[in-house]
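Subject: Structure for your files

Hello,

The structure is below, with the sequence. My notes on the domain interface and on one helix pair follow it.

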Amino acid sequence: MNQLSENPASWDAQMRNSSARRERGAAFARGREVSAEDITRLLEAVIEPGDRVCIEGNNQKQADFLSRSLLKTDPSRVRDLHLLQSVLALPEHLDIIEQGQVSRVDFSFSGPQAGRLATLVEQGRIKIGAIHTYLELFARYFIDLTPKVALVAAQAADRDGNLYTGPNTEDTPAIVEATAFKNGIVIAQVNEVVDKLPRVDIPADWVDYFVKAPTPHYIEPLFTRDPAQITEIQILMAMIAIKGLYAEYGITRLNHGIGFDTAAIELLLPTYAADLGLKGKICTHWALNPHPTLIPAIEAGFVQSVHSFGSEVGMERYIAARPDIFFVGRDGSMRSNRAFSQVAGHYACDLFIGSTLQIDLAGNSSTATKGRISGFGGAPNMGSDARGRRHASPAWLRAGREARPHAAMPRGQKLVAQIVETSREHMQPAFVERLDAWDLAESAGMELPPVMIYGEDVTHIITEEGIAHLLRCETPEEREQAIRGVAGYTQVGLARDRRMVENLRDRGIVRYPQDLGIDKRMATRDLLAARSIKDLVLASGGLYNPPKHFRNW
């Protein structure tokens with residue numbers, strides 16, 4: 001007997017379910033277009049209890065109108081949702097949980113909602129599936145967390161429903177492709193409906209409905225750092241990074257995290273790094289959002305290429321005028337892509353340098369502290385050694401030799417640096433004996449403490465005290481003392497074994513500014529290639545148009 005002929009399974013149940021949803025939604029649409037007044041009723045028609053719903057919300061671009069519209073749905077009809085999204089950024093993302101319509105959430109970063117999310121978890125009002133990296137979450141969209149309904153944001157739609165996402169494409173392609181090709185429903189909010197798009201980023205065949213939102217979707221200028229707020233301590237750390245890490249390894253391909261520490265490095269490239277003769281030798285190819293603080297380095301000829309996760313408010317004209325640097329379409333606007341740039345940062349870059357809130361004695365770091373479930377975004381992808389990498393580069397090979405000097409099989413190593421001041425706001429130490437992540441895991445019922453970057457991947461720690469070359473340490477004890485050696489006047493730093501740290505210093509594992517030939521008195525704001533937002537505008541030739549709240553002239 002043919003066993004297959006007796007199989008009662010239906011092979012198109014998902015497709016038939018989606019068709020039924022579209023039929024219900026057709027009552028509120030003209031073709032694919034839905035009016036803003038009808039969008040809540042449309043959501044009630046196409047969303048079913050228990051659905052996995054992905055709301056596009058990432059570092060910058062937010063499907064905010066659709067989030068507010070989802071919040072207005074009838075909780076008795078739209079309930080038991082499994083929420084998927086990169087970033088829980090808006091109050092509405094938590095409001096719908098408080099309304100009891102969401103039972104589970106999988107995300108990457110929560111930013112300003114971190115404290116509120118922690119409270120909801122402690123109250124048992126929401127279960128966290130996992131705190132993902134961006135790339136990990138995107139990957140699961142195509143495996144076991146495929147959205148049934150995706151709510152996304154685009155710059156414009158034409159009458160047929162083709163979408164133009166513009167410079168802030170970001171997460172949209174990953175979300176839409178996973179949903180559209182697994183019998184899901186894709187709904188887009190757009191800023192305008194036009195007869196002809198500058199280019200088609202998402203074809204209409206992948207879109208079920210679109211709605212013109214009453215206001216343009218929100219974009220956070222997340223990567224804008226005012227040079228006026230960069231301190232002399234941050235300038236000193238930038239000098240240490242450039243001379244003790246970038247120059248030493250000849251790093252040309254890299255990613256910078258968000259922060260004033262890395263902004264200081266960018267602004268020292270045309271001055272301090274140029275004086276060291278490093279132009280053309282470091283910082284040529286980037287996986288990076290269009291940081292305004294990178295403008296002077298671009299204008300000075302340091303930068304050859306930048307691929308971006310997202311765009312940055314006010315940088316549109318500058319990007320269009322520098323197509324040799326950025327990935328710009330024929331329409332003149334950049335197309336970012338968070339998934340591709342995460343891959344580039346993971347596999348194609350030799351260095352990731354970023355900051356954190358806490359580092360323990362093994363070098364494990366985390367931004368998740370007690371009472372704050374903030375997540376990590378892309379840092380774990382950027383800040384981990386890509387074991388699948390097979391192409392070589394001088395920096396990668398050297399790091400591999402230093403990390404495994406006696407290995408029978410040679411292999412390279414990605415450089416992963418944490419740059420932190422020894423004490424944070426309110427004199428909270430950055431270095432601790434035990435991460436708060438352990439307490440957070442216990443209180444939130446997590447299976448693992450939420451570590452951002454594991455210590456085994458961290459090759460360097462840079463503070464105002466100096467630089468610790470952790471990859472050169474031969475034992476866990478040496479690694480601990482190297483960390484203590486740059487931890488300054490914290491309890492961790494004061495408990496150092498001074499004799500052992502001096503030995504590490506003699507071997508070039510711990511290096512202080514004087515060991516690098518750096519005069520601390522030089523670490524002044526005079527070194528910055530731009531000292532204000534206005535200076536960045538001038539450096540761009542007037543092309544950079546910063547958000548109004550960054551203007552003080």
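Domain 1 and domain 2 bury about 2,500 Å² between them, and carbon and sulfur atoms give 56% of that area (buried area is the accessible area, with a 1.4 Å probe, that two parts lose on being put together, summed over both). On the domain 1 side, Ile-131, Leu-135 and Pro-167 supply 23% of the area buried against domain 2, more than any other three residues. This is a predicted model, in which local features need pLDDT of at least 70 and side-chain atom pairs count only at pLDDT 80 or more, while totals for chains, interfaces and linings use all residues. Residues are numbered from 1 along each chain as its sequence is written, and side-chain values use heavy atoms, with hydrogens and water left out.

The domain assignment, automatic or from a database, gives 15–212 as domain 1 and 227–535 as domain 2. Their C-alpha centres are 33 Å apart. The contact (heavy atoms within 4.5 Å) takes 34 residues from domain 1 and 31 residues from domain 2.

Now the helix pair. The axes (lines fitted to C-alpha atoms over the stretch in contact, with angles from 0 to 180 degrees between N-to-C directions) of H6 (134–141) and H12 (338–348) come within 9 Å and cross at roughly 125 degrees. Helices here are DSSP runs of H or I, at least four residues, numbered from the N terminus. Tyr-134, Leu-135 and Phe-138 of H6 meet Arg-338, Ala-339, Gln-342 and Val-343 of H12.

Regards

Methods: Helix = DSSP H or I, 4+ residues; strand = E, 2+ residues; numbered from the N terminus.
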